Amino acid sequence: MATTSTSTGPATTRNVALVGHSGSGKTTLAEAFLHRAGAIPRPGSVAEGTTVCDHEPEEVARGISVSLGVAHLDWRAPDGVTHQVTLLDTPGSPDFAGSVDAALAVADLAVVVVSAVDGVQSGTEEVWRRCDEAGIPRLVVVSQEDRARASFRTVLGALRGALDAPFVPLELPLGEEQSLHGVADVLTERAREYDGDGRTHEEDVPADVRDEEHALHDEVVEEIVTHDDDQLEAYLAGDEPGAADLERTLAHEVLTGEAVPVLLASAVTGVGVDRVLDLVCELGPSPADRAAVVALPDGAGSAGADGSPSGATTEVAADPSGDALVHVFRTVVDPFVGQVSVFKVLSGSVATGDRLVSTATGAEDRVHGLFRLRGREHVAVDRVVAGDVAAVAKLSAAATGTLLAGRRMPVAARDLPSRAPVYALALRPVSQSDDDKLSAALTRLRAEDPTLHVDLAGSQAVLGGLGDTHLAVAVERLERSFGVRVTTEPVQVAYRETVTRAVEVEGKVKKQSGGHGQFAVVQLRVSPLPRGDGFEFVSSVVGGSVPRQYLPAVERGAREAMESGGPHGYPVVDLRVEVLDGKAHSVDSSDMAFRTAGGVGVREALAAAGTVVLEPVSAVSVTVPSDAQGDVMGDLSARRGHITATDSLPDGRVRVDALVPEAELTRYVLDLRSITGGRGSFTATPDRYEVLPGGVGASR
């Protein structure tokens with residue numbers, strides 16, 4: 001039975017994205033938060049598949065997050081105020097980077113989770129860059145402090161060495177690994193000891209860390225007060241601000257990005273978990289502190305730097321009394337209630353029975369029931385206000401990324417970062433029934449995950465995404481959620497053929513079987529065009545030997561012959577077909593006859609001239625750490641790639657541009673991650689066709 005939740009307003013709301021490298025402990029930490037807040041009776045286990053945020057079968061089977069988990073809890077902070085906290089638990093795998101994009105689009109604070117054992121990893125660096133791009137305040141939690149080889153101090157040094165940020169450590173561990181028993185609070189200079197039953201009590205800081213803690217206290221206090229003139233003046237006069245005053249100043253620095261607090265916790269033992277929640281509420285910004293930014297249509301708002309209105313935006317304050325405006329940032333297909341739209345209220349309020357209008361299409365929907373999410377649990381709520389994250393079922397106009405309003409408004413959600421597919425598979429339906437349902441199922445699957453790309457235009461149904469695990473999960477969901485079974489196979493490389501010399505041929509059709517016959521003769525010159533020019537049809541007929549009304553039929557026959565394939569079985573491109581002469585019959589000639597003659601002539605020309613196979617070549621841009629540049633360039637060369645440029649980036653990475661045959665890129669994302677330890681990324685854009693070396697080797 002769902003319980004009922006009430007909203008308290010934007011000032012006491014905290015929307016928190018848990019981000020970090022895969023395996024850093026985000027989901028386990030979320031479980032500890034929920035348990036410590038009393039939202040669940042006992043913490044679940046990732047290994048046993050019993051956690052709140054990882055409840056989908058694909059997540060349970062793999063033991064990793066593969067989608068954005070949403071979980072609501074209420075937390076009473078030390079000042080007595082109860083805050084409504086929405087946890088946005090993101091996957092750490094780069095295959096599911098779209099979930100991180102969605103979470104950062106609506107979060108007000110990013111909690112970057114870093115393993116005390118593994119330290120700063122490629123996923124840590126990537127989410128840090130994403131937070132920089134999104135301009136979102138951050139707080140770091142060093143997790144897994146109870147594990148063997150855990151070292152808070154080593155991780156703190158690694159953070160300062162790898163990431164350019166003003167880190168402010170607010171805690172030190174008391175004990176570590178299996179002996180972890182508490183934390184030393186740097187601001188209050190008190191120890192927080194944890195009993196076996198989860199209760200805490202304060203003590204003096206133990207002697208073995210007292211000197212280190214006091215030195216860190218002086219360093220942190222000096223760093224905080226330098227951003228507040230009044231506090232700095234008092235500090236220099238010998239009057240050190242109290243912990244509460246320091247926290248207020250630090251909260252402003254977190255909001256502006258002038259400070260990144262560093263905390264520690266063990267989700268398994270509970271050490272530090274409550275203090276993290278306290279500081280998320282005390283130091284983390286609320287929706288009231290950070291106005292949402294939405295896009296304006298062309299021609300509205302202020303122009304860009306070049307005078308163009310394109311990209312104009314406006315801010316929307318989290319005002320509960322304002323016009324209703326909500327941002328749908330996630331769509332889920334629930335087996336019991338159908339499509340569930342998860343949204344953040346940017347302004348105003350939404351109640352059951354309200355009508356919302358898509359700002360993009362004008363389509364209107366009625367809100368039949370509101371609820372907060374706690375994993376798969378639906379917590380009923382009658383009304384939500386600005387800043388709240390909630391969900392509603394069966395909104396037909398609420399595609400992911402849509403803005404819904406109480407009335408038609410000329411605004412739209414800002415586009416999430418572009419995620420071009422880097423890995424693709426062809427789908428083959430198991431049965432005719434599966435084939436009939438495939439297109440609709442893929443459309444609904446893309447509504448859940450916009451980072452999937454679908455191409456049904458060719459001979460294969462192609463599904464593209466961000467990696468092999470991404471597509472494997474999508475295929476499993478096709479069957480589980482939509483009842484469509486498919487097998488997968490490699491995507492066929494789009495080879496083409498063309499001629500290398502000009503030839504003249506005759507295309508003839510002459511049939512007589514009683515009654516009207518079929519008669520057409522065309523003299524053709526077939527020659528190559530420059531690469532990429534496609535097809536050109538020219539008539540040089542004089543004297544009407546081929547009546548003008550039949551020339552379109554000749555062109556159509558030539559095109560069909562090219563599309564049906566040349567001697568190697570691939571479509572023919574870059575061809576010029578010129579009609580030189582021909583013959584027609586007053587009775588037996590027809591469009592069909594000349595269409596057939598045009599096709600016969602082109603096929604004879606291809607056989608006479610011979611063709612070469614062309615392979616597609618992509619322009620590839622690879623971004624890697626500088627120490628991996630040599631390995632990546634060597635690998636690209638081994639893939640028959642041609643390096644066109646290299647460039648050093650401001651963040652210390654290197655971009656390598658190259659032209660690489662498409663056939664060499666089918667598994668490149670997997671190999672690149674292996675070469676660079678997960679720190680490399682790339683984009684590939686179709687660029688040109690080039691002659692395949694030993695071209696006949698690509699024959700079907």
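A residue counts as buried when its relative accessible area is under 20%, as exposed when that area is over 50%, and as partly exposed in between. These terms are used throughout this report on a predicted model.

**Overall architecture**

The protein chain has 700 residues, of which 51% are buried. Its secondary structure consists of 15 helices and 36 strands, and its C-alpha trace spans about 110 × 60 × 55 Å along the principal axes. Among contacts with a separation of 6 or more, 71% join residues 24 or more positions apart. The accessible surface amounts to about 30,200 Å², and carbon and sulfur atoms contribute 48% of it.

**A mostly covered helix**

Helix α3 (residues 97–106) is mostly covered, with nine of its ten residues buried. Among these buried residues are Val100, Asp101, Leu104 and Val106. The buried residues of α3 pack against several elements, including strands β1 (13–20) and β3 (82–89) and helix α4 (122–134).

**Charges and salt bridges**

The protein chain carries 63 positive and 102 negative side chains, and the centres of the two sets lie 11 Å apart. The salt bridges number 47.

| Salt bridge | Closest N and O atoms |
|---|---|
| Arginine 192 with aspartate 278 | 3.8 Å |
| Glutamate 615 with arginine 640 | 2.6 Å |
| Arginine 653 with aspartate 651 | 2.8 Å |

In the salt bridge between arginine 192 and aspartate 278, the pair links distant parts of the chain: arginine 192 belongs to strand β9 (residues 190–194) and aspartate 278 to helix α9 (residues 273–283), 86 residues apart. Aspartate 278 counts as buried because its relative accessibility is 5%, and arginine 192 is likewise buried, at 18%.

Glutamate 615 and arginine 640 also form a salt bridge. Glutamate 615 lies in strand β33 (residues 611–625) and arginine 640 in the loop between α14 (629–638) and β34 (642–648), so this pair ties together parts that are 25 residues apart in sequence. Glutamate 615 is buried, with a relative accessible area of 3%, whereas arginine 640 is partly exposed, at 36%.

In the salt bridge between arginine 653 and aspartate 651, arginine 653 is buried, with a relative accessible area of 17%, while aspartate 651 is partly exposed, at 43%. Elsewhere, salt bridges that share partners join Arg36, Asp185, Arg192, Glu247, Asp274, Arg275 and Asp278 into one network.

**A negative surface patch**

Asp218, Glu222, Glu223, Asp239 and Glu240 form a negative surface patch. Within this group, aspartate 218 is located in helix α6 (residues 207–225) and is partly exposed, with a relative accessible area of 30%.

Technical notes. Residues are numbered from 1 along each chain as its sequence is written. This is a predicted model: local features need pLDDT of at least 70, side-chain atom pairs count only at pLDDT 80 or more; totals for chains, interfaces and linings use all residues. Side-chain values use heavy atoms; hydrogens and water are left out. Patches are made of residues with over 30% relative accessible area and no salt bridge: like charges are joined within 9 Å, nonpolar side chains (Val, Leu, Ile, Met, Phe, Trp, Tyr) within 5 Å. Accessible areas come from the Shrake-Rupley method with a 1.4 Å probe; for residues, only the protein chains shown count as cover. A salt bridge is a side-chain nitrogen of Lys or Arg within 4 Å of a carboxyl oxygen of Asp or Glu. Lys and Arg count as positive and Asp and Glu as negative; His and the chain ends are not counted. The place of a charge is taken as NZ of Lys, CZ of Arg, CG of Asp or CD of Glu. Helices (H or I, at least four residues) and strands (E, at least two) are DSSP runs, numbered from the N terminus. Buried means under 20% relative accessible area, exposed over 50%, partly exposed in between (1.4 Å probe, protein chains only). Contact means heavy atoms within 4.5 Å.
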